[in-house]
Amino acid sequence: MLDGVENRSVSPVFVGREEELGTLREALARAGTGEPQALLLGGEAGVGKSRLLEEFGAGVREAGAEFVVGGCVEIGAEGLPFAPFSTALRALRRRLPAGFTAAVAGQEAELARLLPELGESPGGRYEEDGTARLFELTLRLLERLAAERTLVLALEDLHWADASTRHLLAYLFRTPARGRLVLLGSYRSDDLHRRHPLRPLLAELDRLRTVTRVELPRFSPPEVSRQLAGILAAEPEEALVDEVFARSDGNAFFVEELAGTVRSGQCTGLTDSLRDLLLVRVESLPEEGQRVVRIVAEGGSTVEYRLLAAVAGLGEDALIEALRGAVGAHVLLPAPEGDGYRFRHSLVREAVSDDLLPGERARLNRRYAHALQAEPHLVPAEERATRLASYWYHAHEPAKALPAVLDASAAARRRHAYAEQLSLLERAMELWDQAPETARAGLRPLDHAEAYPVGDRDPAAAPLSFLDLMAEAAVAGRLCGERERAMKITKRALRLLEADPDPLRAAWFWVQRSRLVQSQGRGDGRAELASAQELVRGQPPSEVHAEVLAHAATWTMLHTPGPESLADAERAVEYARMVGAWDIELSARLTLGGLLADAGDVARGLAEMEAVREAVATRGLTFLLGRSHVNLASVLEGLGRSREAVAVVEEGIVLARRYGLQESAAWLWGNLAESLTTLGRWEEATAAAERTEHGGQGAKPGGMGALRLGLLAAARGEEEETARRLAESRTRFGGLDPMPQNSLPLARLALLLAAGQGRLLDARAEVAGAVEAGFPPGTQRYAWPLLLAAATAEAEARHLALSAPGRAEALDLLRAAAKRLTTGVPVWEAYSHWLRAELLRAEGRSDPAAWRETESALAPLERPYDLARVRLRLAEALLSAGGEERGGVREEERSDVRSDVRGEAVVLLRQAKAVAEHLKARPLAEQVARLAQRARVGLHGPKAPEPADAAAELGLTGRERDVLRLVTRGRSNRQIAEELFISPKTASVHVSHILAKLEVSGRGEAAAVAHRLGLFGEGG
């Protein structure tokens, strides 16, 4: 029938897969319109995933797009860090040299962690944001490359992916991208046992609507027939098709292997063993060829020719002949990149490797290790350390494996591959007792960071200890998210230190444990930090001592601020300076500045924080860059200087994006949402809060985003949304690590919701719980709004019978709590006046003088919503009092007084109405309307013909109109000056004239007037 001749191994005809290929092509088309795509391609081993990708890739290239492939490799403790991304980026750099160079400009050192050819990666300290920054920069690189061309990045064999690759892939799939980009990953579905590390990632990505899953089924009998026809170059008989289908069960690779055994129309020489089937081609090779194939199987996914020659020990002619036979038998293939060789299918490699004898495997790994150690240049630089560590480990040579594994862990750390570093360090701990003492004594010390103590001697001369390994592993575990593993390591280390005390090392491990407890939501970490403090008490200054004090100061600042935290921060700065730990010093100074400002020493505190921010920017200290902006912006907002806070945040966001500081950016967006809310820019605040909610990796930034959205929803009267956001925020913050900066705003939001629903007793319970917990120094920025919300709730409910019981006690509680709060800055002073006025209103004594005092205090502070609420209450007080506040005059004079008061009230109501409408603050607008109806005053005035130019009608000059347009866009005087080519002083004068002509007191009101009059259209 076929003369027993096998013409080829792979069918030249692409069989089936129309639906799956159509899905991939549809994704390519959507990406071409600027809509990025993410796809996952799954299927069992041998089902044809790689062939489908080859066919798709050919079509991509024909369409003029770029198609690059990176494959995961099975090597080392848990794979080679970022291997598929390194391969793909290398290919892009080769194909698009000019575009690639432009895309990485300025970030070569960071991206060299993925692609070493770009330069030397910076070493040094561990970085909390290091991995997130690398991921963000990788996304930006792909976006830039996909800006002008469609780019398809395919990652194969994700079932072998190292943890760092999985984390980066998850980030790219989760983070909204821009440009014409297609991300595609393939994996073996039959390899994913219940505890396989890829399973949780697939489950997470399944929940994303932006990710398309494609499952590749086995071939049907007609498809097997077409595949056989392509392989055999003739139409197969039905009996042959039936037999091949029965034995292969439609697996495309098994069909190829079975086709290779066809003789006289039958499948012969087969056994029921799959491994025997896969070894048929290998066993048909000469002995020399089989030996070379066995060597390649143990060398890795791809073995370089020169490395293979060094291990095989054959003459060049003999080696080439053996390789030619293996390639001709379709066992091996030349690697697509470089000059190495790989198996045609990984299943054959696995079968050959499984067929090796235990001693044979160790011997081959030993020979690979010797060859690579003698000539390191035989493999790419980024693979060298990991592969050598793997070879020595599998050669069962602990004395040689231990230093190699430590070198590989250091290489992983330099790439921010902390998951691989942790696995390698755990392997080193496993090898520690197996290696002879002489081998351990010769180990080079680790490049410790995070103030880990090395003793009194020179760190370079300090002998490496088992505790050193544990310290590195604990930090790596925390940074890669394997916190449970890190917890176990710290627990074991502290047990060892009980038997052999070392106060500084024990204190260091207690600090790590405190951070792990907090990050896992198991508690607030205070007990662990207290243990560390006790251990360093009385010790001479050291980095550990300074770090313990710095952590203690930060902890108390966030949880129980007061004199203790200030003292800890000052001592941390002093100790850090004494021992030259500038990174700890800067961090402690940042904490100290915030504490000083909160304690009332505003000028000194802000100066300290500004100095740190400048030092961070000058030195390029990315590990403190985000925090220096977040903390300063937060303090400025707390002091009522919202516009300055916005400027700091916007600068921080630009820098965070430039350096890929994803977590810091999430907190910065939260700060921005808070300050924009204060300034009356609620639409922008909503957008910023949403970015906070979805931007960070941890739960707390999301909790802050939900809180900001909840407070906005409450102000807009959106009850269901308020309740949903409150629940979401509580869940994200958790209940085991309470901080006033979270708990007090949450109590305020819960109070607002309860009051809005008429649940006054629940509202009272919220404020009572907060007051009972106390308002430590530094929490006045959260306490004043909470007390005010409670007083407002009491005032609004004063006419209800149910509010009378307990009202006096509730008001007394608020007065007593307010007496303990400071009023050292204008915004806190304004809140003090406001609270007093609301408390009087709650008692039925609405005093115009109290409300005038409040309005005067708030007017300069650029808080349009707050000012509108106060003006409503002042109008209410004026209308209630009428002219009686000027008693003792003639009746006709009293009538004039009433007219003046009524006119003033109308102006106030109109101003409040304009702000409420602009902000879509429905409850405020309804209150204004009800008061106007009760007082029978009109808020619109007589209808007048529309002026041809509303701005001219208001008396605005052309230049003032330009300035007002920029004011409505939120520009500062400096920004207006830059845009209009005038001086900041001139811009300030123009703004003053505009406010006077519009008869408003602040920029927010001016923007509201411009919006209401439609001076600049929809776009502003």
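Select F82, F135 and Y171: ring pairs link them into a cluster. Rings of Phe, Tyr and Trp (its six-membered ring) pair if their centres lie within 6.5 Å. Planes under 30 degrees apart count as stacked, over 60 as edge-to-face and the rest as tilted.

Before going on, note that this is a predicted model, in which local features need pLDDT of at least 70, side-chain atom pairs count only at pLDDT 80 or more, and totals for chains, interfaces and linings use all residues. Residues are numbered from 1 along each chain as its sequence is written, and side-chain values use heavy atoms, with hydrogens and water left out.

The structure holds ten aromatic pairs. Pick F56 and F67 next. Their ring centres are 6.1 Å apart and the planes stand at 90°, so this pair is edge-to-face. The pair links distant parts of the chain: F56 sits in helix α2 (residues 49–62) and F67 in strand β2, eleven residues apart. Helices (H or I, at least four residues) and strands (E, at least two) are DSSP runs, numbered from the N terminus. F56 has a relative accessible area of 2% and is buried. F67 is buried too, at 3%. Buried means under 20% relative accessible area, exposed over 50%, partly exposed in between (1.4 Å probe, protein chains only).

Now jump to Y831 and W834. This pair is stacked, at 5.9 Å centre to centre with 10° between the planes. Both residues lie in helix α40 (residues 826–842), three residues apart, about one turn of the helix. Y831 is buried at 10%, and W834 is buried at 1%.

**The sheet**

Show the strands. Five of them form an open, parallel sheet in the order β2-β3-β4-β1-β5. Two strands pair if DSSP finds at least two bridges between them. At the edges are β2 (66–71) and β5 (211–215), each pairing on one side only. Neighbouring strands are turned by 20° against each other on average, direction ignored. Axes are lines fitted to C-alpha atoms, for helices over the stretch in contact, and angles run from 0 to 180 degrees between N-to-C directions.

Strand β1 (residues 37–43) pairs with β5 over five bridges, in the parallel sense. Select A38: its bridge partner in β5 is V211. Contact means heavy atoms within 4.5 Å.

**The cores**

Centre on L469 and F509. They have the most contacts inside the largest nonpolar core, which has 133 residues. Such a core is a set of buried Ala, Val, Leu, Ile, Met, Phe, Trp, Tyr and Cys residues joined through side-chain atoms within 4.5 Å. Helix α22 (residues 466–480) gives the most to this core, with eleven residues. Leaving aside neighbours within four places in sequence, F509 is in contact with residues including Y452, L467, M470 and T490. A second, separate core has 109 residues, among them V602, L811, A857 and L874.

**Helix α31**

Select residues 642–659, helix α31. Its buried residues include V646, V649, I653 and L655. What covers them includes α29 (602–619), α30 (622–638) and α32 (662–678). Just after α31, G660 takes a positive phi of about 70°.

**Last stops**

Which residue lies in the loop between α44 (922–935) and α45 (950–953)? Select R936. Its phi is near 55°, a positive value in a residue other than glycine. R936 counts as exposed, at 75% relative accessibility.

Notes:
Expected span 1.5 Å × (residues − 1).
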